[in-house]
Amino acid sequence: MLAIMNPQNLTLSCEFFPPRTEQGMIKLRQVREQLQVLKPSYFSVTFGAGGSTQEKTFETVVDIQQQSNVMAAPHLSCVASTKENIYELLQAYQAKNIRRIVALRGDTPSGLRGSLGDFNYANELVSFIRESTGEHFHIEVAAYPEFHPQARSAKADLDFFQQKVEAGANSAITQYFYNADAYFSFVEECTRRGINIPIIPGIMPITNYTQLARFSETCGAEIPRWLRWRLQALEDDKASLQAFGLDVITALCERLLAGGVPGLHFYSLNQAELTLEIAKRLNLIKD
Ligand code: FAD
């Protein structure tokens with residue numbers, strides 16, 4: 001039996017994508033049950049590119065909210081969203097007693113351009129949520145310690161991040177990164193600008209080098225050269241790659257925790273094992 005130990009009162013959370021099949025939903029329920037030992041503040045559920053998983057996101061969120069002891073937090077994106085359908089969705093979430101939303105711009109299915117809806121950028125979505133539902137929702141936004149791939153400059157990206165916070169965001173979750181200095185530098189700059197919301201690092205376990213490299217390319221997360229080369233060498237040996245990946249992520253989290261991060265957000269990839277193993281190594285849970 002695993003027991004919770006969270007002496008620093010960290011905000012822990014896990015992210016899922018909405019399963020497409022009933023079988024996937026059943027498996028996710030088991031995963032959630034296992035992850036409850038972390039006493040997460042919430043489980044978040046992504047929203048597919050172009051709003052493609054809107055219904056599945058809603059179903060998964062309601063399932064979490066009704067079937068587990070953990071609060072559910074839907075992701076919402078601007079892509080292909082109108083004011084009307086976002087308003088309806090917010091009403092539906094309020095009716096299900098959802099109290100937290102992750103508000104994003106999103107990406108179009110074909111790539112990284114524009115939003116094709118009533119909202120161009122996440123700050124507009126945050127403003128709309130505040131205007132239409134007041135303080136009902138705790139709003140999370142995305143932050144990019146290594147900067148967003150479309151950012152014009154570091155300064156512009158920070159200015160726009162600040163705009164989202166001023167629009168009413170309560171806290172932020174970062175894109176994943178493998179360089180703790182990027183995170184600390186980002187937070188330092190935010191503090192200098194008077195941005196004081198919690199900025200929670202997003203933690204991506206390493207399971208598959210090819211997928212990680214492809215995804216990192218599009219989302220602008222840097223895999224440092226030394227890490228890339230080590231992972232490449234282990235590409236065909238899944239067990240060794242995962243073992244090495246666990247060491248790397250544990251060391252990253254240890255540095256983040258030593259630097260006083262307010263919490264950790266685990267990109268669980270709908271699996272419990274790696275997140276639980278990292279949490280055990282960090283003494284956040286024990287056998
Ligand atoms: P914004 O904050 O709107 O920023 C996007 C870009 O536009 C940045 O380059 C910024 O510098 C620039 N910008 C911002 N405001 C302005 C402005 N007013 N004028 C000009 N430029 C501006 N995607 C999904 O589709 N579904 C998900 O569920 C999902 N979940 C995510 C969860 C987390 C924690 C993170 C970090 C990302 C997630 N994403 C998700 C990916 C995200 O949608 C993309 O990274 C997207 O490209 C940017 O979203 P954003 O909310 O950060 O956008």
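Is C14 buried or exposed? Select C14: its relative accessibility is 0%, so C14 counts as buried (buried means under 20% relative accessible area, exposed over 50%, partly exposed in between, with a 1.4 Å probe and protein chains only).

The model is predicted, so local features need pLDDT of at least 70 and side-chain atom pairs count only at pLDDT 80 or more, while totals for chains, interfaces and linings use all residues. Residues are numbered from 1 along each chain as its sequence is written, and side-chain values use heavy atoms, with hydrogens and water left out.

Next, show the sheet. Its 9 strands form an open sheet with parallel pairing, in the order β8-β7-β6-β5-β4-β3-β2-β10-β9 (strands are DSSP runs of E, at least two residues, and helices runs of H or I, at least four, numbered from the N terminus; two strands pair if DSSP finds at least two bridges between them). At the edges stand β8 (199-200) and β9 (202-203), each with a single partner strand, so one side of each has no neighbour in the sheet.

Select residues 72-77 and 100-104: these are β4 and β5, parallel and joined by 3 bridges. L76 stands opposite A103 in β5.

Helix α2 (residues 54-67) lies across β2, β3 and β4, at about 165° to β4.

Within α2, pick T57. T57 is buried, at 0% relative accessible area. Beyond its neighbours within four places in sequence, T57 contacts P18, V45, T46, F47, P74, H75 and Y93.

Conventions
Contact means heavy atoms within 4.5 Å. Axes are lines fitted to C-alpha atoms, for helices over the stretch in contact, and angles run from 0 to 180 degrees between N-to-C directions.
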